[in-house]
Amino acid sequence: MQTKQPRRPGELVFNLAMVLGSLFLLWSAYGISGFEALSAPGAIPLVTTAVMVVCGALILRDTLRKSATTAEKLERDILPLPVIVTILAILAYALALKPLGFLPTSFLFLTGLIGYLRGGSLLRAAIQSLLIVALIYLVFRIVFTVLMPPGIVPEAEIIAWVKSLFAGGGT
Amino acid sequence: MTFSLLSLIALGTFAGIYVGAIPGLSVTMAVSILISFTFSWDVYPALALMIGIYMGGVYGGSRTAILLNIPGAPAAIATALDGYPMAQKGLAGEAIGIVTVVSFIGGFVGILSLAIFAPLLADFAIRFQPRDYFLLGVLGILLVGSLSGESLVKGIFAGALGVGLGSVGMDPLTFTERFTFGTDGLRAGVSFVAVMIGMFGISEGLMQLHTLNSPVIKQKIGRIVPSWPLVRKHLPLGMQTSSIGTVIGALPGTGGDIAALIAYDHATRVTKNPEVPFGKGAVEGLVAPETANNAAVSGAFIPMLTLGIPGDAVTAIMIGALFIHGLNPGPMLMVDQPDMFWFIVSSLALANCFMLIFGLTGIRAFVKIVEMPRAVLLPVILLLSVVGAYAVSNSLTDVYWMLGFGVFGYFMKLYGYPLGPVILGVILSRLLDDNWRRAIISDQESLWMLLKGTLMSPLSAVLFFSVVLIFVSKTPLWGMIFRKRAA
């Protein structure tokens with residue numbers, strides 16, 4: 001029944017990491033309450049991590065049985081440059097979100113990433129980003145009242161100004 | 001029912017469709033945010049808006065499942081299995097059209113069941129023992145593990161990982177720390193929404209970077225409203241899965257997600273010769289989960305209104321809303337305030353009709369999303385994912401969790417691990433843990449007594465043998481036995 005697909009680059013390392021991680025979690029689960037009782041707080045964690053160890057070992061065994069010869073390459077098929085750049089961009093976005101604020105960070109994130117992934121004019125990417133950020137801000141901040149970090153933007157003043165516009169229109 | 005209430009149901013349903021469809025926004029989140037600004041309203045308009053969002057949101061989750069392979073909600077996980085292959089073939093309009101109609105049918109069956117059989121079904125649900133809930137949870141994880149991946153072992157691994165993740169934090173019964181490693185940040189547990197957005201939003205976004213330069217499939221949306229023969233052909237299956245959805249939805253702690261998966265499994269078993277194989281764009285693979293998850297919406301109200309026990313997370317929030325308005329959901333609510341029961345039933349029925357109208361008329365604009373260049377769409381999805389994760393508790397920690405799970409989920413996908421069981425495991429972790437402990441304590445910590453009790457009870461025995469059957473039927477042993485018999 002087994003398909004003899006070749007082993008993908010990094011698959012062995014990942015599956016080995018899964019087994020080692022599961023063993024560590026099993027040890028941690030044992031540390032919760034040991035084999036104290038079947039209703040102990042560690043009972044379900046112990047069973048689930050034991051299941052992970054057994055399944056992880058079976059998966060590793062199957063991986064070892066696969067042929068190591070493959071046309072795939074790690075840098076092309078598993079971790080190509082756009083994936084690495086995107087992960088780093090999300091990380092940079094998360095780091096800058098609080099100090100800079102939602103509006104400028106989102107604009108920079110979208111402009112940079114759209115510009116990188118699509119290529120071509122950065123101005124076009126900036127205009128698209130501006131429209132998208134404005135729409136998201138309207139839906140999340142104004143309609144759903146989700147609090148986003150204001151950062152360097154005087155958000156309270158902007159919202160007060162928008163509200164005063166509506167208040168003015170109502171009188 | 002006044003015009004303002006009708007408008008609120010319509011507005012809620014319309015908003016719900018988009019809330020459910022946008023990755024990173026959840027119905028649970030939207031309804032919980034709504035509580036904060038409907039606090040000063042009367043109970044009826046507040047409920048009308050929430051019911052609209054709930055009904056529209058469960059349906060809306062299917063849209064991104066079909067168009068982007070990112071289920072907008074856990075209830076749409078099974079929909080993606082056949083919906084996305086249909087969109088890849090340029091049949092997104094047809095897929096959304098049939099999903100809209102069958103969601104309406106499922107919703108209608110659920111509402112009728114709520115109105116007619118509420119007391120009977122509630123009576124059935126109350127007979128469930130803790131061991132039955134435990135077995136139901138195991139059944140759900142095993143089903144999704146066997147359905148959504150290349151190997152059952154990887155599915156079970158993913159499900160166990162999810163249950164483990166769900167148990168991180170303080171044990172609610174004994175306040176013992178579990179998998180916290182002495183850090184304060186882990187004592188409150190791992191945010192389910194962060195795990196879900198990471199696994200389904202970020203990892204899918206990263207996966208799609210591999211095919212960034214592939215041509216965008218123009219979605220042919222010539223026919224949105226499905227033909228009557230097509231609907232009639234799938235009506236028997238739809239009625240069966242609607243019933244499954246109502247019953248599963250009525251079980252506290254379970255919801256549209258499990259209902260949809262069980263219904264999908266039911267469809268794979270009863271459909272002998274689908275025109276297109278399951279997983280490749282079978283219409284039956286859309287009919288089953290979508291009728292079931294919309295039927296489960298009304299099902300979830302049954303234990304809420306008759307027992308005061310929420311059917312799922314959204315009805316749990318609605319119970320909170322009723323408490324805020326000085327009402328006490330439970331058996332006496334139906335006796336003391338029958339109008340409240342009938343108001344909810346009629347609001348659900350109206351929301352179901354609005355869902356059909358908005359669902360069938362808004363597809364063309366919505367389908368345009370997939371025709372956007374992926375280089376623009378993907379950064380927007382990633383941005384929405386970050387915003388959604390942040391909005392859970394206004395905390396950047398959840399954003400880091402989301403990113404971590406996104407990258408981890410990306411590698412899991414690359415190496416053939418299904419992600420559905422991880423999410424289901426996280427959702428069901430508490431249900432499994434609590435009910436296992438209740439069951440084993442009531443059987444005096446004896447495994448033998450637990451097994452005996454399971455086999456003596458018809459309900460438990462059926463669930464137990466279902467678990468065994470599904471497990472065995474997906475192992476090589478099953479194939480060996482049947483090959484031998486065939487030979």
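This is a predicted model: local features need pLDDT of at least 70, side-chain atom pairs count only at pLDDT 80 or more; totals for chains, interfaces and linings use all residues.
Colleague: Among the contacts in chain A between residues at least 6 apart in sequence, what percentage join residues at least 24 apart?

Modeller: Residues are numbered from 1 along each chain as its sequence is written, while chains are lettered from A and ligands numbered from 1 in the order in which they are written. Two residues are in contact if their C-beta atoms, placed from the backbone, lie within 7 Å. Among the contacts in chain A between residues at least 6 apart, the share joining residues at least 24 apart is 65%.

Colleague: Which pattern does chain A follow along the sequence?

Modeller: Helices (H or I, at least four residues) and strands (E, at least two) are DSSP runs, numbered from the N terminus. Chain A has 7 helices and 0 strands. Read along the sequence, the pattern is therefore α-α-α-α-α-α-α.

Colleague: What radius of gyration does chain A have?

Modeller: The C-alpha atoms of chain A fill a box of roughly 70 × 50 × 30 Å along the principal axes. The radius of gyration is taken over C-alpha atoms, and the globule rule is 2.2 Å times the number of residues to the power 0.38. A compact globule of 171 residues would come near 16 Å, but chain A has 25 Å.

Colleague: Is Arg118(A) buried, exposed or partly exposed?

Modeller: Arg118(A) is in helix α5 (residues 102-118) of chain A, and leaving aside neighbours within four places in sequence, Arg118(A) is in contact with Ala125(A), Pro373(B), Ala375(B) and Val376(B). A residue is buried if 20 or more other C-beta atoms, placed from the backbone, lie within 10 Å of its own, exposed if 12 or fewer, and partly exposed in between. Because Arg118(A) has 19 C-beta neighbours inside 10 Å, it counts as partly exposed.

Colleague: Which helix gives the largest share of the side of chain A that touches chain B?

Modeller: The contact takes 52 residues from chain A and 52 residues from chain B. Elements giving two or more residues to chain A's side are α1 (11-33), α2 (43-65), α4 (81-100), α5 and α6 (122-143). That side divides into 37 nonpolar residues (Ala, Val, Leu, Ile, Met, Phe, Trp, Tyr, Cys and Pro), 4 charged (Asp, Glu, Lys and Arg) and 11 polar (the others, Gly among them). The largest share, 11 residues, comes from α2(A).

Colleague: In chain B, how far apart are the end C-alpha atoms of helix α7 (residues 152-166)?

Modeller: α7(B) is mostly covered, with 15 of its 15 residues buried. The expected span of a helix is 1.5 Å times one less than its number of residues, so the 15 residues of α7(B) should span 21 Å. The end C-alpha atoms agree with this, being apart by 21 Å.

Colleague: Does Phe179(B) count as buried or exposed?

Modeller: Phe179(B) is found in the loop between β2 and α8 (192-208) of chain B, and its phi is near 50°, a positive value in a residue other than glycine. Because Phe179(B) has 20 C-beta neighbours inside 10 Å, it counts as buried.
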